[in-house]
Amino acid sequence: MRSLLERIGGAPTIARIVEDFYGRLTHDPRVLHHFDPKRLPSLKVAQCAWLASVLGGEGTPPADLRAAHAHLVITDDQVNAVITHLDGAMEAAGVDAEVRRQAIALISRLWHARHF
Amino acid sequence: MEGVIGRESEFAAIGAALRRPDLAAVLISGDAGVGKSHLLAATMRHAEHNGFAIVSVSGTRALADIPLAAFAALLPSRLAGDAGDLVQIRRAIHERAANRPVLLGLDDAHLLDEASAALAHQLASDLTAFVVATLRTGEVPPAAVTALHKDGLATRLSLDPLRRGDLGAFAAATLRTGVTLEVEDALWERTLGNPLFGRELLLQARDVGSISLREGRYHLVGPFAAPDTLADLVDARLAGLSDVHQRAIALLAVGGPLEIDLIERLVDADALVELEEARVLVADDQDDTLVVRFVHPVYADATRRRLGRLTARQLLRELATALDNSPRKRAEDVLRIATWRLDAGTDATPDLLLQAARLANRRNDFALAERLGSHAFEAEPSLQAAATVASAFVEQGQYAKAFALLHDERIDRAVASARDRFRAAMVEATIQFWGLGDGASALGIIDRMEAEQPSTADVAESFRASIHAASSRPVEAMSHVPVGSVTAHTPFGVFSVLTALTAMGKPDTALTAVGPMPEFGRSTSSAIIGVAYGFALIETGRVSEALRVGVEGWERAMREGDLHARVGWSVAIGWAELNFGRRESANRWFHDAAELAHNSAAARHGLLWALGGSLLAAAQGGDLDRARAVQAELDAMPHHDAIAHSYMGTRGRAWLAAAERGNGVAIEMLQQMAADALPGSNLAPRLRMLMDIARLGRPDLAVELLEQAPTEYDGTFLPALVAAIRALAGDDPAPVMDAAESLNDGGFRVLAAEIAAGAWQRAQARGDDARLVAQYARRAQELRELIEAYATPAFITTRPEVTLSRREREIATLVAAGRTSREVADELIIGVRTVESHLARVYAKLGVRSRAELSDALGLAGATS
């Protein structure tokens with residue numbers, strides 16, 4: 001079975017998705033306050049690495065979701081917004097609907113399991 | 001964490017698994033009473049609290065034979081027993097999820113029916129749900145549950161008894177008050193940390209006064225009165241029940257879970273209520289009926305141990321009579337009535353047994369059919385009984401036994417009805433051809449049957465056709481089932497039309513003739529139709545449709561417990577996957593098919609087809625050790641006439657020979673095979689062989705052979721194959737790339753990638769414009785990336801990767817990031833002209849024309865050289 005990363009189109013597509021994803025996040029009034037423009041470049045790099053690792057089916061992703069978001073207060077509405085934007089960015093990058101569904105299901109599971 | 005005393009580390013392990021992206025399941029295994037269900041329940045509660053949607057499903061012994069029974073509770077209505085159920089269940093899960101991640105709890109997963117287990121496996125592997133399952137140590141779970149672990153999707157968690165240090169907290173939680181160290185010691189000594197035993201022991205000790213409450217803690221007053229083991233404790237508890245209660249639990253122990261109206265005919269309703277209150281029994285809703293069962297399987301085991309053989313027989317007789325007289329008796333109850341009567345050792349008439357055996361055959365429970373039918377046969381050795389049991393043997397791959405039974409000298413054929421003689425002849429012809437591979441003997445049996453009973457002419461014709469079709473005599477096959485005839489639409493007729501016309505290069509005509517995938521219920525033919533339909537779809541150029549139809553067929557077979565059909569569909573799916581470029585998946589499907597074939601009616605022909613697929617997949621993948629092993633296995637098989645779907649194997653031999661002894665040897669073998677295929681008009685497999693010859697480096701020879709049999713092929717694939725062979729014989733890259741593209745459109749990704757590499761080579765060899773060569777290289781590379789590793793010559797000898805020098809890559813990256821040439825020049829301290837000339841080379845290598853195209857193309861460029 002090819003990994004989600006391969007089915008999405010590999011690292012180059014991930015980079016395109018992340019670029020688009022942050023474009024959407026920083027224009028959404030529900031979540032834009034979470035993103036410091038100065039930190040954005042390094043955030044994108046970290047996000048690319050995290051997504052590549054998670055979707056590549058590796059055992060341990062490089063960043064712990066719980067620790068990475070410990071300083072933020074995040075509402076369910078905001079989580080939904082982020083997921084919608086990620087899905088939208090993947091769609092814009094031409095990712096197949098089933099691959100998108102699986103990627104979102106996986107990421108959503110990892111997010112909700114962060115306090116387990 | 002509440003509810004996980006002494007289980008904190010296991011609980012944390014489940015959490016860790018949930019956070020690992022490479023996992024989709026946790027399997028919790030342990031002994032009875034060790035607290036598996038408890039841990040699962042705590043996990044589900046905690047997950048729900050953290051925003052997961054929970055789907056909870058349990059396996060039970062009573063429902064282990066009913067497909068998808070475990071998931072039935074998710075549906076608003078009853079199971080329909082068709083393909084719609086899976087869709088409905090998935091929809092129900094999707095609705096419950098409402099955009100939340102799903103945790104699927106499978107309690108007692110070792111008792112799940114196969115179809116539910118398969119569904120759970122799918123839900124985990126396509127990431128629809130994270131599965132947490134409990135398994136009793138020593139029980140054999142359904143293969144799909146074990147597969148979760150084998151496939152690397154699940155981690156295993158073995159649940160040991162509680163540790164000594166955890167007993168204090170455990171006792172306090174059970175009694176809601178702390179206990180002294182002395183009580184802990186006594187508890188440890190007796191239970192060694194088994195939580196179920198510990199709980200029962202503590203509650204009993206409190207009730208009989210062995211422990212008493214003083215100064216806020218329980219103190220040990222006298223010795224624990226309870227017996228030494230959990231089983232003994234349950235025994236003691238059951239022994240204390242009154243006679244009427246004993247009778248109720250004994251009935252459940254011998255009869256399995258029972259419908260409320262059945263058990264109430266035999267015991268007082270009040271007794272059942274009391275047993276429910278005492279938490280020995282529970283009642284669940286199943287299919288609109290209340291079904292009564294034990295609260296924990298250890299109670300059933302304990303009850304059975306206490307029951308005398310004679311009492312058990314008496315109870316079975318009572319159950320059989322009560323069910324027989326029940327006003328709510330259903331057709332399938334005859335199975336339970338016959339089995340109970342047989343086990344009770346009385347009043348099972350041959351008629352009843354035979355009726356039940358036929359029902360068991362229809363429900364694919366061939367072991368039960370064999371048992372019931374054999375008893376019927378021993379009591380009355382009729383041809384009817386022999387044919388029923390022989391069918392059951394055939395379906396379990398035991399052809400020799402089936403043959404012997406039909407020729408048992410006690411059978412008096414003269415008294416058998418015409419219908420029974422017909423059925424026996426059909427079974428025997430099946431044994432001769434599909435089982436023993438002897439087409440001539442089978443044809444003889446069919447001829448004799450038709451001579452004796454002219455009314456069976458249609459069946460005889462379609463059976464003859466199937467033998468010819470499967471033996472690669474397509475023209476003869478079609479003479480028995482002309483398109484549009486009645487016989488062409490019988491199960492064997494459909495198989496014959498699909499197989500024969502596809503072999504003759506007319507897969508599209510075949511599919512049009514049979515219409516949408518026909519449904520014939522379970523029959524030997526359902527399996528071979530699966531293969532034939534899948535192969536026809538592929539050869540007509542619809543690989544993805546073959547995959548979809550194949551998986552649907554496989555799921556249906558899985559649900560119906562139809563092993564034979566599973567073999568057929570697995571082979572078809574494997575073949576589609578191999579064409580599609582998923583060699584590993586293909587390998588798994590072929591492997592599964594071979595494994596399943598052994599105990600099915602496909603024991604011989606199914607194995608032949610599956611091993612053929614494995615050989616081709618292994619040889620083309622460069623896994624020569626495996627290919628040699630599979631070839632040796634094929635060599636060890638006795639001759640079988642059903643060779644029509646074994647061309648994968650014969651071609652596989654050639655590919656192995658190519659890897660071991662060079663392309664020349666392989667080409668000679670293929671040339672011989674192609675010559676053998678010609679007289680019988682097996683043109684589609686022949687075309688594949690010619691393509692193989694072209695792939696191995698002799699497209700000129702392939703074209704020469706092609707001219708020997710000019711034919712109109714229908715569908716899109718076979719004509720594309722012809723075009724590809726012709727293009728490969730020339731130097732012009734354009735038609736080669738066109739052929740690659742049309743093959744890719746049909747889902748033939750391996751061929752497409754190989755041929756595209758050929759186009760690139762031709763462009764390079766001809767010295768085409770660098771930008772054009774680069775475009776071919778890029779496209780070849782793109783197609784190459786769609787498939788897994790194949791080790792055919794095209795992939796070994798060509799490396800169509802684009803390589804940029806370090807400086808070129810540096811400059812290209814900066815330009816792609818939006819810098820102007822001037823900015824790049826300043827940054828790298830070189831001249832603008834140098835930047836431009838590097839950039840021009842990059843454009844040529846990547847086959848792009850503008851800065852906008854550059855960033856896309858960069859992702860496809862290879863490493864620095």
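How many residues does the contact take from chain A and from chain B? Select both sides: 18 residues come from chain A and 17 residues from chain B, where two residues are in contact if their C-beta atoms, placed from the backbone, lie within 7 Å. On the chain A side, helix 6 (residues 97-112) gives the largest share, seven residues. By class, the side of chain A that touches chain B has nine nonpolar, six polar and three charged residues. Here Ala, Val, Leu, Ile, Met, Phe, Trp, Tyr, Cys and Pro count as nonpolar, Asp, Glu, Lys and Arg as charged, and the others, Gly among them, as polar.

Some housekeeping before we go on. This is a predicted model, so local features need pLDDT of at least 70 and side-chain atom pairs count only at pLDDT 80 or more, while totals for chains, interfaces and linings use all residues. Residues are numbered from 1 along each chain as its sequence is written, with chains lettered from A and ligands numbered from 1 in the order in which they are written.

**Chain A**

Now show chain A by itself. You'll find six helices and zero strands, in the pattern α-α-α-α-α-α along the sequence; helices (H or I, at least four residues) and strands (E, at least two) are DSSP runs, numbered from the N terminus. Of its 116 residues, 27% count as buried. A residue is buried if 20 or more other C-beta atoms lie within 10 Å of its own, with C-beta atoms placed from the backbone. Take the contacts in chain A between residues at least 6 apart in sequence: 72% of them join residues at least 24 apart.

Next, pick helix 6 (residues 167-175) and helix 7 (residues 181-191) of chain B. Their axes come within 10 Å and cross at roughly 100 degrees, which makes helix 6 of chain B roughly perpendicular to helix 7 of chain B. Roughly perpendicular covers 65 to 115 degrees, and the axes are lines fitted to C-alpha atoms over the stretch in contact, with angles from 0 to 180 degrees between N-to-C directions. Show L167(B), G168(B) and A171(B) on helix 6 of chain B, then V183(B), E184(B), L187(B) and W188(B) on helix 7 of chain B, to see the residues that make the contact.

Then jump to helix 10 (residues 243-255) and helix 14 (residues 309-324) of chain B, whose axes come within 10 Å and cross at roughly 85 degrees. That contact divides into seven nonpolar, two polar and no charged residues.

**Strand 1 of chain B**

Select residues 25-30 of chain B. Is strand 1 of chain B buried or exposed? Six of its six residues are buried, so strand 1 of chain B is largely enclosed by the rest of the structure. A25(B), L27(B) and S29(B) point one way, and V26(B), I28(B) and G30(B) the other way.

In strand 5 of chain B, A154(B) is the bridge partner of A25(B).

**Last stop: the core**

A25(B) turns up again among the residues that touch the most other members of the largest nonpolar core, a set of 315 residues. Such a core is a set of buried Ala, Val, Leu, Ile, Met, Phe, Trp, Tyr and Cys residues joined through C-beta atoms within 7 Å. Helix 28 (residues 563-580) of chain B supplies the largest share of this core, 11 residues.

Technical notes. A residue is buried if 20 or more other C-beta atoms lie within 10 Å of its own, exposed if 12 or fewer, and partly exposed in between; C-beta atoms are placed from the backbone. Angles under 35 degrees count as roughly parallel, over 145 as roughly antiparallel, 65 to 115 as roughly perpendicular and the rest as oblique. Two strands pair if DSSP finds at least two bridges between them.
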